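Please load the model shown below in a viewer and keep a residue selection tool at hand.

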Amino acid sequence: KHLLKLKYWHTELERNKAGWELEVSNFRDEILDILADSPSLKNYLETNYNIWYQKSADKKKLGFDLPEHKQISVDKILDENYFG
């Protein structure tokens, strides 16, 4: 959800960018730690990612309308240098 905000919610970006990037980094670190402990969960992540992505992209959860866009890949969400 925070990656989508960083990429598409331009009216709130200046005020919230640092906080959103911190949240992304923290969540990403948690995911990577879990995957390091249990590598087999990567398959679970990839299998369920589309469902979780659609829930995150819901306007009610985001706070704004998402433009037509290509889904962010699992590899990108796990890339420590990707912030939208």
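The stops below cover a nonpolar core, several salt bridges and a charged patch.

This is a predicted model, in which local features need pLDDT of at least 70 and side-chain atom pairs count only at pLDDT 80 or more, while totals for chains, interfaces and linings use all residues. Residues are numbered from 1 along each chain as its sequence is written, and side-chain values use heavy atoms, with hydrogens and water left out.

**The core**

Begin with Leu3, Leu4, Tyr49, Tyr53, Ile72, Ile77 and Leu78, the residues with the most contacts inside the largest nonpolar core, which has 19 residues. Such a core is a set of buried Ala, Val, Leu, Ile, Met, Phe, Trp, Tyr and Cys residues joined through side-chain atoms within 4.5 Å. Buried means under 20% relative accessible area, exposed means over 50%, and partly exposed lies in between (1.4 Å probe, protein chains only). Next, colour α1 (2-8), α2, α3 (41-56) and α5 (74-78), each of which supplies at least two residues of this core. The largest share, four residues, comes from α1. Helices are DSSP runs (H or I, at least four residues), numbered from the N terminus.

**The salt bridges**

The structure holds four salt bridges, each defined as a side-chain nitrogen of Lys or Arg within 4 Å of a carboxyl oxygen of Asp or Glu. Three of these may be visited in turn.

- Select Glu21 and Lys17: their closest N and O atoms are 3.9 Å apart. Both residues lie in helix α2, four residues apart, about one turn of the helix. Glu21 counts as partly exposed because its relative accessibility is 24%.
- Select Glu46 and Lys42, whose side chains meet at 3.8 Å, N to O. This pair lies in helix α3, again with a spacing of four residues, about one turn of the helix.
- Select Asp65 and Lys59, with 3.6 Å between the closest N and O atoms. Asp65 is exposed, at a relative accessible area of 56%, and Lys59 is partly exposed, at 48%.

**The negative patch**

Finally, display Asp29, Glu30, Asp33, Asp37, Asp75, Asp79 and Glu80, which gather in a patch of negative charge on the surface. Patch residues have over 30% relative accessible area and no salt bridge, and like charges are joined within 9 Å. Which helix supplies the largest share of the negative patch? Helix α2 (residues 10-37) does, with four residues. Glu30 is found in this helix α2 and counts as partly exposed, since its relative accessibility is 47%.

Note on methods: Patches are made of residues with over 30% relative accessible area and no salt bridge: like charges are joined within 9 Å, nonpolar side chains (Val, Leu, Ile, Met, Phe, Trp, Tyr) within 5 Å. Accessible areas come from the Shrake-Rupley method with a 1.4 Å probe; for residues, only the protein chains shown count as cover. Lys and Arg count as positive and Asp and Glu as negative; His and the chain ends are not counted. The place of a charge is taken as NZ of Lys, CZ of Arg, CG of Asp or CD of Glu.
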